[in-house]
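Trainee: I would like to learn how to read a model feature by feature. Where shall we begin?

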Amino acid sequence: MRFDGKKIGVALTGSFCTYQKSFPQIKALTEEGGEVQTIFSDAAQEISSRFGSAESFLAEAEELTGRPPFRSIEEAEQIGPSAMFDVLIIMPCTGNTIAKLANGITDSPVLMAAKAHLRNERPLVLCIASNDALGMNMKNIGLLMNTKNIYFVPFSQDDPEKKPNSLVAHFELLADTAERALEGRQLQPVLRVRK
């Protein structure tokens, strides 16, 4: 199993429509031997939507990993001093999270987890899902693509006609991306065509 003995953080943000893609990936990481710890943003742990309740998502994360999710900045801060993860994945990674990460804002458990993890010069993988990725957030994505130790799950436009600025990662490539990131390499090509 390719993630045997690897400690993997998975941080969830508020793109609730992509949770149906995120949770199977968490399960796959555990099935590949990864020791997974989830971290929930404030929005992810507080907002219920037509895609499910916050409580059900928290419970599902605990069931899949065998560990309660980190839910506070204080819990996430310990990631740095203890060098807790071999790789940290933000999945889904919203435009809000992208913008804050690119500009050094640390105001949620997920952003604190990213800051704490990056101080150890270990890979951070972003699995983006953003309606403004090709708009206001493109400059932030560009900054992050040129930042040491940050890797992207390959992505493409999900609906160019109705949402021309929207990008969504190919979630099925998450494990391959994480594996390459652990080797210090970006899975290529990053820009894909959605079939």
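Trainee: Is Asn 140 buried or exposed?

Mentor: First, a caution: this is a predicted model. Now compare the relative accessible area with the cut-off; buried means under 20%. Asn 140 has 6%, so Asn 140 is buried. Asn 140 sits in helix 7.

Trainee: Which residues does Asn 140 touch, not counting those up to four places away in sequence?

Mentor: Leaving out sequence neighbours shows what the fold brings together. Asn 140 touches Ile 98, Ala 99, Ala 102 and Asn 103. Ile 98 is itself one of the buried residues of helix 5.

Trainee: Then let us take helix 5. Which of its residues are buried?

Mentor: Start with the general idea. An α-helix has 3.6 residues a turn, so residues three or four places apart point the same way. Now the case here. Helix 5 spans residues 95-102, and its buried residues are Gly 95, Thr 97, Ile 98, Lys 100 and Leu 101. Note that Lys 100 is on that list.

Trainee: Which residue with a positive phi follows helix 5?

Mentor: Gly 104 follows helix 5, with phi near 70°.

Trainee: Which residues have a positive phi although they are not glycines?

Mentor: Check the residue type, then the place, then the accessibility. Ala 83 is one case, with phi of about 45°. Ala 83 lies in the loop between helix 4 and strand 3. Its relative accessible area is 28%, so Ala 83 is partly exposed. Glu 121 is another case, with phi of about 55°. Glu 121 lies in the loop between helix 6 and strand 4. At 55% relative accessible area, Glu 121 is exposed.

Trainee: Next, the peptide bonds. Where are cis peptide bonds found?

Mentor: A cis peptide bond joins Met 91 and Pro 92, with omega about -10°. Pro 92 belongs to strand 3. Another cis bond joins Gln 188 and Pro 189, also with omega about -10°. Pro 189 is in the segment after helix 8 (174-182).

Trainee: On to the rings. How many aromatic pairs does the structure hold?

Mentor: Five. For each pair, read the centre distance, then the angle between the planes. Phe 16 and Tyr 19 are 5.4 Å apart, centre to centre, with 65° between the planes. That pair is edge-to-face. Phe 16 and Tyr 19 are both buried.

Trainee: Why is the pair of Tyr 19 and Phe 57 edge-to-face?

Mentor: Over 60 degrees between planes counts as edge-to-face. The planes of Tyr 19 and Phe 57 stand at 75°, so the pair is edge-to-face. Their ring centres are 4.6 Å apart. The pair links distant parts of the chain, 38 residues apart. Tyr 19 is in helix 1 (residues 19-31) and Phe 57 in helix 3 (residues 54-65). Phe 57 is buried, as is Tyr 19.

Trainee: Which residues do ring pairs link into a cluster?

Mentor: Phe 16, Tyr 19, Phe 23 and Phe 57.

Trainee: Now a residue in helix 4. How is Glu 75 placed?

Mentor: Take the element, the accessibility and the contacts in turn. Glu 75 is in helix 4 (residues 73-77). Its relative accessibility is 29%, so Glu 75 counts as partly exposed. Beyond neighbours within four places in sequence, Glu 75 is in contact with Pro 69 and Phe 70. The Glu 75 side chain also reaches the backbone nitrogen of Arg 71, at 2.6 Å.

Trainee: Last, the largest pocket. What is its volume, and how many residues line it?

Mentor: The volume is about 270 Å³. The lining has 15 residues. Nearest the centre lie Cys 17, Thr 18, Asp 158, Lys 163 and Val 168. Strand 4 (124-130) and strand 7 (167-169) each give two or more residues to the lining.

Trainee: How do the lining residues of the largest pocket divide?

Mentor: Seven are polar, four are nonpolar and four are charged.

How values were computed:
Residues numbered from 1 in each chain as written. Predicted model: local features only at pLDDT ≥ 70, side-chain atom pairs only at ≥ 80, totals over all residues. Heavy atoms only, no water. 1 Å grid on protein atoms, 1.4 Å probe; cavity = no way out; pocket = protein on both sides within 12 Å on 5 of 7 lines; lining within 4 Å. Points joined across faces, edges and corners; volume = space filled by probe spheres on them. Helix = DSSP H or I, 4+ residues; strand = E, 2+ residues; numbered from the N terminus. Nonpolar A, V, L, I, M, F, W, Y, C, P; charged D, E, K, R; others polar. Phe/Tyr/Trp six-rings, centres within 6.5 Å; stacked < 30°, edge-to-face > 60°. Buried < 20%, exposed > 50% of the residue type's maximum accessible area, 1.4 Å probe, protein only. Contact = heavy atoms within 4.5 Å. Polar contact = N/O pair within 3.5 Å; in protein donor to acceptor, adjacent residues only side chain to side chain.
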